[in-house]
Amino acid sequence: MKCKYCSSPNIVKFGTFESIQRYWCKDCKRKFADNNAVPKMKTPAKVVSAALSCYFGGMPLDAVQRHLQQQFGNYYSEMGIYNWVIRFSKEAVDRVKDFKPIVGDVWLADETCLKVGGKNVWFWDVIDTKTRYLLASRLSDSRTKRDAALVMNEAKRKADKAPKTIITDKLAAYIDGIELVFGADTEHIQSKPFTDVNSTNIIERFQGTLKDRTKIMRGFKNMNTAKLLTEAWLVHYNFFKEHTSLGDIPPAVKMGVVPVK
């Protein structure tokens, strides 16, 4: 037994509450319960983990609720499950914000339309063809060269490098956006439709998966929620979702990151 907050073994028993043993940490001076739950939560971590896996795997909240009740025998409200999603989405995004992926030299970029707060917005993304790792994403109201440059700059920051080649569709904004961020050292190829050579099919399949997921979410209420949940879904996509083309492992595992058990 170690402290849930600081992992110190310097703990003592501190009575019981509702038949659950409580402990006190002599180092960080905090109390916690022996209930297999995350600190400041009563729900066991395995229940929360199952809920997040189901949600980001594509199940709507009511289906997640039924699954938890069938698997663990307890009732959890949809709002409670949604609050778990928001809380741990923030933590997941924060945990990986400084992660430096080991990616290749050919990237794909594309944009697709999502519905946020009842109106259409543009979702931009950049993916590495070698590892299928999603380097960057961005939500915007427009499709300008500034929007293209911003998502390219984020991809460059994440990878800590510039690619040799970027493949996009025919959107003119990419021409100036890529030139502004990478200069002449990066080759820009504009993909032709109905071809397997220099194709954006990989990233378009990803966007299809994302749009299917957001349909189940019934749209996002506002840009802040949309930004958080799309970024959290990218964490799921990069670190947890198995990819057939990679041998049924996530992109992060493909580049050598050891998965959490």
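In strand 2, Tyr23 is the bridge partner of Lys13. I start with that pair to get us into the sheet. Before going on, please keep in mind that this is a predicted model.

Strand 1 and strand 2 run antiparallel, and five bridges join them. On to the next pairing: strand 2, residues 20–25, is joined to strand 3 by three bridges, again with the strands antiparallel. There, Arg22 stands opposite Ala33 of strand 3.

Put together, this is an open sheet of three strands in the order 1-2-3, with antiparallel pairing. Which strands are at the edges? They are strand 1, residues 11–17, and strand 3, residues 31–33, each of which pairs on one side only. On average, neighbouring strands of the sheet are turned by 30 degrees against each other, if direction is ignored.

One detail on the hairpin. Between strand 2 and strand 3 there are five residues, and in this hairpin Lys29 takes a positive phi near 65 degrees.

Now the cores. In soluble globular proteins, nonpolar side chains tend to be buried together. Here the largest nonpolar core has 64 residues. Leu68, Trp84, Trp107 and Met152 are the residues with the most contacts inside this core. Which helix gives the most to it? Helix 7, residues 223–239, does, with nine residues. There is also a second, separate core of five residues, including Ile11, Tyr23, Cys25 and Phe32. Tyr23 is the residue we began with, the partner of Lys13.

Last, helix 7 itself. It has 17 residues and reaches 24 Å from its first C-alpha to its last, close to the 24 Å expected at 1.5 Å a residue. Why do I call helix 7 largely enclosed by the rest of the structure? Because 13 of its 17 residues are buried. Buried here means under 20% relative accessible area. At the start of helix 7, Asn222 has a side-chain oxygen within 3.1 Å of the backbone nitrogen of Asn224.

To recap: the sheet has three strands in the order 1-2-3, the largest nonpolar core has 64 residues, and helix 7 gives the most to that core. That is what I have for today.

Methods. Residues numbered from 1 in each chain as written. Predicted model: local features only at pLDDT ≥ 70, side-chain atom pairs only at ≥ 80, totals over all residues. Heavy atoms only, no water. Core = buried A, V, L, I, M, F, W, Y, C linked by side-chain atoms within 4.5 Å. Buried < 20%, exposed > 50% of the residue type's maximum accessible area, 1.4 Å probe, protein only. Helix = DSSP H or I, 4+ residues; strand = E, 2+ residues; numbered from the N terminus. Pairing = 2+ DSSP bridges. Axes fitted to C-alpha atoms, helices over the stretch in contact; angles between N-to-C directions. Expected span 1.5 Å × (residues − 1). Polar contact = N/O pair within 3.5 Å; in protein donor to acceptor, adjacent residues only side chain to side chain.
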